[in-house]
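Work through the exercises below with the sequence and coordinates open. Each task is followed by a stepwise solution.

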Amino acid sequence: MSLRYPAPAKLNLFLHVVGRRADGYHLLQTVFRFVDLCDWIAIEVRDDGRIERSNALEGVPDNEDLVIRAAKLLQEASGVKKGARIAVDKHIPMGGGLGGGSSDAATTLLALNELWDTGLDREVLADLGLKLGADVPVFVRGFNAWAEGIGEQLQPISLPPAWYVLIHPGVSVPTAQIFASPELTRTTNPLKIAPFSAGLNWAETRNDLEPVVCDKFPQVAQALRWLKSHGDARMSGSGACVFVAFDSEAEARSVAQRIPSEWRGFVVQGLDRHPLQFDESVRMGSRQAG
């Protein structure tokens, strides 16, 4: 019998590129917020040690499948002899800047850590997740976060309730291409978390990747222009999804009803924590951040 686990999307409420390391990785500042748009990971434990996907993801080779890589990484790190059969029910758009692949990998780590009874705490799992991608640790740690470094240095942040209208304009944006662009601004002055948290002055923030993506992908620019007529709309991550915040579900749904038919629209609620929470007094809580 397989069990199902949620893998939520995230928004980057802003994204500043503040520098670049010698190894080419970009130094960032951002705020991650979880929302209730979720993929679902179904897992059936095997006794033969084999790890396999029961449903293929179109366009994703096995060696690039973050779910399979996450399971094998945990298996190797823990020495467990069990395996798993894993299916992913995708709802988060791919290439949309919502962290779907990273979230799927994190949920796989969290769920298999429980199912295989490996006993690893979240700090260890987050370190494993970083080997899969810079966004994986925030999903493992399970709290909305102010992030720095390459996105792995996380501090919990309290965010007000909000509803969001998301638009996916029908294109997939390759993250590596955007970060490699010579037009990308890499010298934004860093913010300090304390005054930002006290004032939540969003007017001082933006997404530094947005101009590059809009220049290369006019569909994103068009969706962003439309959404800006309804508020302070922004792009999430490296795109392609754009979003705008509202105080109430009714306001959000009123705007969503008017989204042009060529785009895919969502109404989502901001979450305070990752929806997957195991008993923190056992296994997961001994060194849990936040």
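The model is predicted, with local features requiring pLDDT of at least 70, side-chain atom pairs pLDDT 80 or more, and totals for chains, interfaces and linings using all residues. Residues are numbered from 1 along each chain as its sequence is written, and side-chain values use heavy atoms, without hydrogens and water.

**Exercise 1.** Determine how strand 7 is covered and which way its residues point.

Solution. Step 1: strand 7 spans residues 163-168; strands are DSSP runs of E with at least two residues, numbered from the N terminus. Step 2: six of its six residues are buried, that is, under 20% relative accessible area with a 1.4 Å probe, protein chains only. Step 3: W163, V165 and I167 point one way, while Y164, L166 and H168 point the other way. In a regular strand, side chains alternate between the two faces of the sheet.

**Exercise 2.** Find the strands that pair with strand 7.

Solution. Step 1: pairing requires at least two DSSP bridges between two strands. Step 2: strand 9 pairs antiparallel with strand 7 over five bridges, and V242 is the bridge partner of I167. Step 3: strand 10 (residues 264-269) also runs antiparallel to strand 7, joined by six bridges; here G265 stands opposite I167.

**Exercise 3.** Describe the lining of the second largest pocket by class.

Solution. Step 1: 15 residues line this pocket, with L13, A162, Y164, W202 and A245 nearest its centre. Step 2: strand 9 (residues 242-246) gives the largest share, four residues. Step 3: the lining has eleven nonpolar, no polar and four charged residues. Here Ala, Val, Leu, Ile, Met, Phe, Trp, Tyr, Cys and Pro count as nonpolar, Asp, Glu, Lys and Arg as charged, and the others, Gly among them, as polar. A pocket is an open set of points on a 1 Å grid over the protein atoms alone where a 1.4 Å probe fits, with protein on both sides within 12 Å along at least five of seven lines; lining residues have an atom within 4 Å of a point.

Terms used: Buried means under 20% relative accessible area, exposed over 50%, partly exposed in between (1.4 Å probe, protein chains only).
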